[in-house]
Amino acid sequence: MVKAVVLGAAGGIGQPLSLLLKANPAVTELGLYDIVNTPGVAADLSHISTPAKVVGYLPPDDGLAKTLKGADIVVIPAGVPRKPGMTRDDLFKINAGIVRDLATGIAKAAPKAFVLVISNPVNSTVPIVAEVFKQHGVFDPKRLFGVTTLDVVRASTFVAEVIGDLGKAPSITVPVVGGHSGITIVPLLSQSSTPLPSGFAQAELEKLTNRIQYGGDEVVKAKDGAGSATLSMAYAGAEFAQKVIRAIKGEKGIVAPTFVHLSSEPAGGAALKKEIGKDLEYFSAPVELGPDGVASIKSLAKLTDYEKGLIDAAIPELATNIEKGVSFISASKL
Ligand SMILES: NC(=O)c1ccc[n+]([C@@H]2O[C@H](COP(=O)([O-])OP(=O)(O)OC[C@H]3O[C@@H](n4cnc5c(N)ncnc54)[C@H](O)[C@@H]3O)[C@@H](O)[C@H]2O)c1
Ligand SMILES: O=C(O)C[C@H](O)C(=O)O
């Protein structure tokens with residue numbers, strides 16, 4: 001039995017993500033929460049002939065607590081998206097408060113759930129959730145994930161395009177580490193499961209890296225004021241959720257990059273800090289998933305000098321983003 005919950009379920013990501021979770025036969029209950037339209041979205045999805053029982057609530061009458069009751073996995077795509085010309089950090093002033101309030105609801109109603117944060121800026125919203133959980137005495141670093149899967153999905157697709165064979169896209173894996181905004185997104189293309197063509201020039205490598213780092217901007221520009229990536233994000237969010245679900249059901253050896261807290265627990269956090277040469281509290285790295293969430297944080301393995309330079313360049317912005325999230329909660333009255 002797996003109960004999945006989507007907070008922000010009526011939105012551009014929320015609706016297709018809820019559809020993909022409803023289509024997942026491992027999900028037996030699906031809880032949908034938003035400030036608008038969830039009864040309609042829930043009624044619509046409930047007619048699909050898959051096992052999940054669907055419930056949808058709005059804020060009145062403790063709707064958030066009712067949606068979260070019994071949740072095993074909570075995915076959060078609530079909040080405003082970018083328009084052209086904005087950075088993800090520009091979303092902080094609205095989304096920080098939204099994520100804080102939803103995290104407070106989770107801390108009270110589903111403190112043991114696995115929490116997958118999509119709302120931007122992820123580099124700051126994940127620390128916000130952690131700080132809220134700490135204040136409620138329920139923080140478990142193994143159960144909190146910043147969803148960076150879209151960067152991984154983009155890297156697979158763009159490498160397949162470079163190779164000239166999109167058919168290979170589903171089987172190409174490229175670790176993408178660091179964080180989820182601009183230069184903090186660091187694709188480790190030297191570790192692509194399908195190597196780049198021989199003779200791939202440094203200038204081409206830099207162009208490909210830049211495309212992965214700024215893939216979000218490509219979509220924001222094309223949508224021209226109507227928002228950011230929603231469908232590819234729903235796909236990526238459902239993919240990551242499925243990995244977590246498979247791991248909690250006991251499947252071994254599932255590894256995926258995600259933005260996690262680096263502490264003594266789960267194992268590997270301290271070693272990763274040494275590897276990146278900075279005492280950062282959070283970093284996106286490949287993690288092994290297990291029945292309790294993050295089983296261990298993996299090494300970044302052998303990096304090229306170019307990749308080391310990208311990580312060094314990412315660290316100051318990551319540190320600022322993380323601190324911004326942490327201090328938002330220390331300054332907030334919960
Ligand atoms: N992590 C990633 O890779 C990634 C990728 C794409 C988008 N995003 C982010 O996801 C977020 C959502 O994007 P979208 O395109 O779905 O936006 P959207 O505006 O289409 O949907 C957001 C939904 O959140 C709801 N919402 C607002 N406040 C809420 C609250 N307090 N409680 C519950 N629901 C609330 C809105 O009603 C809306 O339905 C944005 O912050 C965006 O930047 C992240
Ligand atoms: O670009 C955005 O603002 C949305 C998302 O973070 C993305 O990478 O597509």
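Reader: Which residues does A267 touch, not counting residues up to four places away in sequence?

Author: In this predicted model, A267 is found in the loop between β9 (254-261) and α10 (269-276). The C-alpha atom of A267 is separated by 7.2 Å from that of A295, although the two residues are 28 residues apart along the chain. Leaving out residues up to four places away in sequence, those that A267 touches are S296 and I297.

Reader: Does A267 count as buried, exposed or partly exposed, and why?

Author: A residue is buried with 20 or more other C-beta atoms within 10 Å of its own, and exposed with 12 or fewer. A267 has 14 C-beta neighbours inside 10 Å, and therefore it counts as partly exposed.

Reader: Where does H180 lie, and does it count as buried or exposed?

Author: The UniProt annotation "active site", which comes from an unreviewed entry, covers H180. This residue lies in the loop between β7 (176-178) and β8 (185-187), and its contacts beyond four places in sequence include V122, N123, D151 and S284. Because H180 has 28 C-beta neighbours inside 10 Å, it counts as buried.

Reader: Which helix gives the largest share of the shell around ligand 2?

Author: The residues around ligand 2 include P81, R82, N120, L150 and S228, and also G216, V219 and V220. By class, this shell divides into five nonpolar, three polar and two charged residues. The largest share, three residues, comes from helix α8 (residues 215-223).

Reader: Which helix gives the largest share of the shell around ligand 1?

Author: There are 34 residues around ligand 1, of which G8, G11, G12, I13 and N120 come nearest. The shell has 19 nonpolar, twelve polar and three charged residues. Its largest share, four residues, comes from helix α4 (residues 92-109).

How values were computed: Residues numbered from 1 in each chain as written. Chains lettered and ligands numbered in written order. Predicted model: local features only at pLDDT ≥ 70, side-chain atom pairs only at ≥ 80, totals over all residues. UniProt positions renumbered as here; feature names shortened; annotations may be inferred. Helix = DSSP H or I, 4+ residues; strand = E, 2+ residues; numbered from the N terminus. Contact = placed C-beta atoms within 7 Å. Near = placed C-beta within 6 Å. Nonpolar A, V, L, I, M, F, W, Y, C, P; charged D, E, K, R; others polar.
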